[in-house]
Amino acid sequence: MESDVELMMRAKSGDDSAFTDLMKRHYKGLVNYIYRFTNNRESSEDLAQEVFLRVYRSASRYKPDAKFSTWLYKIATNLCLTNFKTKRKEQNLSLDEMEENAGGFEDSKSENADNVVYRGEIKDAIFRALETLPEKERVSIILCKYEEIPYDEVAEVLGCTVGAVKTHVYRGRMKLVEKLRPYLKREGNYEL
Amino acid sequence: MSCDELKELILEHTVGRLDQSEKTRVESHLNECKECSRFFMQSNQVWELLDQWDVVEPKKNIATEFWKRISEEGVKRKGLFDYLKNFNYNWSYGLAIALILIITVVSFNLLEFQRTKVVFTEIDKADEELLIQVDRAISRETAKSLEIYGTWDEIPEEINKGG
């Protein structure tokens with residue numbers, strides 16, 4: 001099987017079938033990565049297409065210095081964060097308001113935590129908890145946890161050191177413990 | 001092992017990246033420190049909880065939609081700006097433009113020269129000589145008259161008055 005770089009080099013020289021193969025290879029992973037930022041499948045697919053469009057347009061400038069997937073996730077991360085900021089502006093929500101909302105959500109959920117049985121609700125709770133994290137902590141956790149990308153590649157995506165990535169994951173994880181505590185207590189498996 | 005050291009290793013422990021000796025050290029510290037034990041369990045719980053957010057299966061046929069979008073964008077490129085932006089420059093175009101420019105400049109210069117050029121014929125030359133001769137003759141006549149009659153001021157008053 002051809003490597004990503006080989007396919008990208010073929011795409012660079014004008015071979016569209018190579019680019020199609022690349023898309024098919026990474027599409028599901030990319031959609032799921034974006035999905036952790038949007039919690040909406042439709043918009044995740046649209047954004048994933050936008051990412052591939054950007055990759056296609058800049059194919060002529062591609063240099064195989066880094067892994068293709070790192071480059072892809074870097075573009076996707078920038079797009080997701082820009083999209084998130086635009087969305088937040090549209091909603092006219094300040095960060096403080098978001099924190100307040102998150103707090104309220106946690107409190108209200110703690111009362112009803114016993115009733116939370118649906119996976120959908122847990123999913124929404126995780127999304128909302130992740131949404132309140134600072135950008136780098138959120139990206140680090142999503143890449144490490146859901147995409148299973150090693151720290152050094154996450155560091156490349158974020159443009160920081162491996163140590164900084166570990167710190168982001170650690171801090172984010174601790175914040176998630178606080179934000180998702182009601183769900184940890186509820187589930188028998190998670191009891192201390 | 002200190003508590004801070006353990007916190008750093010927790011992530012590695014969760015994903016099974018610790019070697020046997022490190023794993024043993026972590027577990028022995030957890031047995032001794034209640035605070036770290038609680039921290040470790042909660043950290044693991046939240047990490048496992050994240051797994052409950054399932055992956056999604058994309059619906060769309062990415063390749064078909066992608067190439068459709070590419071071709072649509074290609075069709076949209078109709079404007080002059082887009083045409084110039086996507087203009088494929090090569091030598092033949094460059095040569096043609098250079099040729100047109102040269103022809104334009106040469107033609108303009110030729111027309112300008114035709115417009116400003118004065119044609120001096122033989123007849124014109126003879127006319128000019130004739131005019132010079134007439135001028136000289138008049139000058140000679142004037143000089144003779146002055147010699148005979150003197151200047152206008154020297155004419156007696158009665159002749160001027162009487163006419």
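A: First, a term: two residues are in contact if their C-beta atoms, placed from the backbone, lie within 7 Å. Also, this is a predicted model.

Q: OK, how many residues does the contact take from chain B and from chain A?
A: It takes 23 residues from chain B and 28 residues from chain A.

Q: Which helices of chain B each supply at least two residues of the side that touches chain A?
A: They are α1 (3-14), α3 (34-49) and α4 (62-76) of chain B. α3(B) gives the most, with eight residues.

Q: What's that side of chain B like by class?
A: It has 13 nonpolar, four polar and six charged residues.

Q: Back to α3(B). How many residues has it, and how far does it reach?
A: α3(B) has 16 residues. From first C-alpha to last, it reaches 22 Å, close to the 22 Å expected at 1.5 Å a residue.

Q: Which residues of α3(B) are buried?
A: Cys36(B), Phe40(B), Gln42(B), Ser43(B), Gln45(B), Val46(B), Trp47(B) and Leu49(B). In chain B, 8% of the 163 residues are buried.

Q: And the secondary structure of chain B, what does it come to?
A: Eight helices and zero strands.

Q: Switching to chain A. At what angle do the axes of α8 and α9 cross?
A: Roughly 95°, and the axes come within 8 Å. So α8(A) and α9(A) are roughly perpendicular to each other.

Q: Which residues meet there, α8(A) with α9(A)?
A: Tyr151(A), Asp152(A), Val154(A), Ala155(A) and Leu158(A) in α8(A) meet Val162(A), Val165(A) and Lys166(A) in α9(A). By class, that contact has six nonpolar, no polar and two charged residues.

Key. Residues are numbered from 1 along each chain as its sequence is written. Chains are lettered from A and ligands numbered from 1 in the order in which they are written. This is a predicted model: local features need pLDDT of at least 70, side-chain atom pairs count only at pLDDT 80 or more; totals for chains, interfaces and linings use all residues. Helices (H or I, at least four residues) and strands (E, at least two) are DSSP runs, numbered from the N terminus. Ala, Val, Leu, Ile, Met, Phe, Trp, Tyr, Cys and Pro count as nonpolar, Asp, Glu, Lys and Arg as charged, and the others, Gly among them, as polar. The expected span of a helix is 1.5 Å times one less than its number of residues. A residue is buried if 20 or more other C-beta atoms lie within 10 Å of its own, exposed if 12 or fewer, and partly exposed in between; C-beta atoms are placed from the backbone. Axes are lines fitted to C-alpha atoms, for helices over the stretch in contact, and angles run from 0 to 180 degrees between N-to-C directions. Angles under 35 degrees count as roughly parallel, over 145 as roughly antiparallel, 65 to 115 as roughly perpendicular and the rest as oblique.
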